[in-house]
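Here's a quick briefing to read with the structure open. Take a look at the fold first, then go through the points below.

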Amino acid sequence: MFSLDTTLLAQMETPWAIILPVIVIGLSLVWLLPRGGKGLSRLSQILALALIWGSLFSLTGLGHIAVTDVLFGVFSTGAILGGICMITSRNSAYSALWFAIVTLSVCGLFLLRSAPFLSAATVIVYAGAIIVTFLFVLMLAQQEGTAGYDATSSSPLLTTVFGMVLFGSLILGISSWPKISISAASPATSAAGTEVAKAPAAQGHRYFTSAETEQANAWSRHPEGEVGSLHGLGRSLFGDYLFAVEFAGTLLLVACIGAIAMAPRRSQGTL
Amino acid sequence: MNPLISTLITIGVVLGGVLGGCSYLIWLERKVAAWMQDRVGPNRVGKFGLLQPIADGMKFLLKEDVIPSHVNKVLFLLAPTISVMTTMLALAVVPIGPTTTDSTSWQAMIAPGIDIGIVFIFAVTSLAVYGIILGGWASNNKYSALGSLRASAQVVSYEIPLGMSILGIALLSGSLNLETILQRQAEGGIGSWNIWFQPLAAMIFFTSALAESNRLPFDLPECEQELVGGYHTEYSALKFGMFFLAEYTHVITVSFLMAIMFFGGWNFPWIATPDSHYAGAWIVKFAVLHTKVLACITFVMLLRWTLPRFRFDQLMGLAWKVFIPLSLCNVVCTMFVRQFSLSWWWLLPVSLALVIITGLISMTPSPKRAASPLQH
């Protein structure tokens, strides 16, 4: 089902199959990034985006087509091209809207990985509140069109080179992962309920088996069929990751109180 | 039946029902308005003006489609589309009739068995604000921009009490799935409707949902006296019609949610219980649900001509200083009852006590406010 993420990448022998698309993407990005002046024509913009998309396509090497593959293609294309449009757009309001597209596409990917609650929560928090606040600020600040310093990217060549080095090494790293078959990757409890292989444990990474976590914490026991459901998520958040969740909550509360303390009072003249 | 075909049929039924329903809700709204203001209301087209919605629809379609020259054309056209799309998408997980757990038979909802149910609705409707913001911004007009600025602050604020108010129901039902929530109430009969245990949550949910759909008394984004038409000042013909359609669809969705989450859905003593299997029981259940929904919609319309519009600082104060603390208290009380296995009926007096305490706090004059009468 998810043949495109690891298996086909692992079959690639030569690193040139990775390096070449990465270079093409980088060149297209430099071409696209706004640098003052008149800017690119619509046709060359579309051409550059098509080049990027084609390179990414060659990186994934789409195999047999299933509905989930098509959806994966749609969402990942939306996320990547939306992200590129976000950093290359000359208008900040359009950038915020492309950011919304990126968030929605990533939420679609979450859905495909059977994490519906995470997906819905991300839509509510990011697309529904945070980007709305971005737009709010942008519209207050820039009703007369964008300022010159907002419409240019400050050092397009350097940022693209660094970004592409990071991207290439990431792809190389992922492609060197061992081939994971879905049956081993999905947590399936055996009849005795002893051993669960959640992830590639053979690679030297240490993952807890369910028997071990059960000793530590009875709450993290996952009944059959609960993985990906709301009950499973809640059990995991408030069982496996209780301290992390509580710590993050406390941190946010402290940040909230700090923000209120720093904000000027009405009697001091602002707001 | 092929699930694809049955789903397509359901989508057609829901879409047709909502479009027809919306146009007749507008007729109902005008009749209610006329009745409350001692007028006659629409009475020229057809008997009691019953053909008026069709005439209005034709007018929306045939009027000249004006796009002002100073607007951002892409976003200007995108805005009403987003409004309609998001509100329609929210209807996908609302059961419009009795559903069964039997997966082979036809279900009266587009997407049955969504585990996150109500959270999906919140997620999708939280995107509806983009329609308003983009509409106001793309219009390139001060009134529209002011309207959309108000809307973004209002909708983002009221999402918080809206989401918090249903946490109590999630705790009581052990699920966020609308079918499961309905099923629990239907099995217990009228005594187990959530309204008895979560009256405070019902009030907060209903009020916040009204604010989300920009209905009076929360219609600050489009108030005529101050902002001409707010975010839709520059819109005409079918584009304005789409904003209108989105608002009424939102009201329909909210009314369905009220009926399903708080008033037992299709359940009614004696005539519509899980045990009633007489001929036509499905129709009766369907009718009971839709009567409850219609009652809720009528209540929304009566409210419109009863309450004056809020001032903007009052609006923000209501969300942040009243509803959010109240809904938090409600969640804590519900957790208490669940944790210590107390009788759920404790929640009724506790909710009433919370409302009374809030009222007493708000009536106590604050010394700061009394000192400087200009700073409200």
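Accessible areas here come from the Shrake-Rupley method with a 1.4 Å probe. On that basis, chain A has about 16800 Å² of accessible surface, and 71% of that belongs to carbon and sulfur atoms. Keep in mind that this is a predicted model.

**Chain A overall**
- Chain A is built from eleven helices, with zero strands.
- Reading from the N terminus, its elements go α-α-α-α-α-α-α-α-α-α-α.
- Of the 271 residues in chain A, 27% are buried.
- Among chain A contacts with a separation of 6 or more, 63% link residues 24 or more positions apart.

**The nonpolar cores**
- The largest nonpolar core has 107 residues, and the members touching the most others are I118(B), Y130(B), F205(B), M261(B) and F262(B).
- Setting aside neighbours within four places in sequence, I118(B) makes contact with I166(B), L176(B), L178(B), L257(B) and M261(B).
- There's also a second, separate core of 14 residues, with L29(A), L32(A), L56(A) and I84(A) among them.

**Helix α5 of chain B**
- How many residues of helix α5 (residues 128–138) of chain B are buried? Eleven of its eleven are, so to speak, under cover.
- The buried residues of α5(B) include Y130(B), I132(B), I133(B), L134(B) and W137(B), along with the glycines G131(B), G135(B) and G136(B).
- After α5(B) comes N140(B), which has a positive phi, near 55 degrees.

How values were computed: Residues are numbered from 1 along each chain as its sequence is written. Chains are lettered from A and ligands numbered from 1 in the order in which they are written. This is a predicted model: local features need pLDDT of at least 70, side-chain atom pairs count only at pLDDT 80 or more; totals for chains, interfaces and linings use all residues. Side-chain values use heavy atoms; hydrogens and water are left out. Helices (H or I, at least four residues) and strands (E, at least two) are DSSP runs, numbered from the N terminus. Buried means under 20% relative accessible area, exposed over 50%, partly exposed in between (1.4 Å probe, protein chains only). Contact means heavy atoms within 4.5 Å. A nonpolar core is a set of buried Ala, Val, Leu, Ile, Met, Phe, Trp, Tyr and Cys residues joined through side-chain atoms within 4.5 Å.
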